[in-house]
Amino acid sequence: MLFRSAYPIFTIAEPVEMAGDASSEARELNLVSKVEMRFALADSDGKLQTLLSTYLAPLLLKLASEHAAVRNKVITVCHHINNRLKSSSNVSLPIQALLRQFREVENGLVLQLDLMFISLALERITTDDGLDLLPDLLGVATPKHWDASTWWSSEQPPPEERIWHVSFHYLLRLLLSWKMPDRVTKEDTALSERLGLSASMTEILAYYLGKFLVFDGVQTRLTAPREAGGLADSTSRRNLGLSENEVRLLSKFENESVGAPGARLSQTKIAVAKFLFTSVFMDTQRLIPAVILSSDTTNLAAFRIGDIMFKQCD
């Protein structure tokens, strides 16, 4: 384990509890400082990556320390690591260790920084590696208790909602560069087996993929003049069928779009339609998305997939 005490046991003429607290804080600060020094001395991307693989997840665990000085020191070290990563785009992060830790710990500060580095890690992996990672990522992100009416209702969502948000939008990015197999082929079956998603995962995925198909975007606003009897902000004419919470959850897609978000939105909806038509999902899960797709004639490629999907649903 990373943080081992190199201090001997001292006998000090002070109350035992106070001495123990001071000694514990000093040991933890010393160990975090040693890790900080290792990162500072890493003079190549290779050394930095090795250190991240070894120390990053255990370092983040120290955010659960009872000592404020230790927690603040870890945050400072994480800030330095984050700055170093901005200039080292080829360095990967230990995402499996971070996901495992996110699943196992309950401390809010640890989860928050875990999630930050998970997000950074996802930006640095290839499509093939992303496909291999997807089952674990969605497994960690899929909520144990899910209620669509309250999900993402807070302005500051808890970590368990934010990890789903990150994972869902990573899936949307992945779909654009992911060639889907033809339906009812060996490759189609192999995809389902490779992903190995549980029924609860695909149920929630199908729900939000269906909501994404309704999403029109939030950057372009339709307005009607007041003097003509219209609404000052007729945004209700957009994103019909979506709650305010769902629009806020999906708006990250537009925030990440560079150049022409409308074109990327249309292309991603086609990719979502193809994904929903694979054997990963059951007919009952793809039925509502199929109805949505087959009702939208503004995206003909997605419409055609949805029309066939709807007709083949049992």
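Predicted model: local features only at pLDDT ≥ 70, side-chain atom pairs only at ≥ 80, totals over all residues.
**Entry 1: S167**

I started with S167 and found it in helix α7, which covers residues 159-176. Is S167 buried or exposed? I looked up its relative accessible area, got 0%, and wrote it down as buried, because the cut-off for that is under 20%.

Next I asked which residues S167 touches once its neighbours within four places in sequence are set aside. My list reads L137, L138 and A141. I followed up on A141, which is 26 residues away from S167 along the chain. Their C-alpha atoms are 6.7 Å apart.

Then I checked the polar end of the side chain. A polar atom of the S167 side chain sits 2.7 Å from the backbone oxygen of I163.

**Entry 2: α2 against α3**

I moved on to helix α2 (residues 45-61) and helix α3 (residues 68-86). How are they packed? I noted an angle of about 150° and a distance of 12 Å between the axes. I put α2 down as roughly antiparallel to α3, since the angle is over 145 degrees. For the handedness of the crossing, I have left-handed.

I also wrote out who makes the contact. From α2 come L48, L52, L56, L59 and L60. From α3 come V74, V77, C78, I81, R84 and L85.

Last, I sorted that contact by class. I got 10 nonpolar residues, no polar ones and one charged.

Note on methods
Residues numbered from 1 in each chain as written. Heavy atoms only, no water. Helix = DSSP H or I, 4+ residues; strand = E, 2+ residues; numbered from the N terminus. Buried < 20%, exposed > 50% of the residue type's maximum accessible area, 1.4 Å probe, protein only. Contact = heavy atoms within 4.5 Å. Polar contact = N/O pair within 3.5 Å; in protein donor to acceptor, adjacent residues only side chain to side chain. Axes fitted to C-alpha atoms, helices over the stretch in contact; angles between N-to-C directions. Parallel < 35°, antiparallel > 145°, perpendicular 65-115°, else oblique. Left-handed = near helix turned anticlockwise from the far one by under 90°. Nonpolar A, V, L, I, M, F, W, Y, C, P; charged D, E, K, R; others polar.
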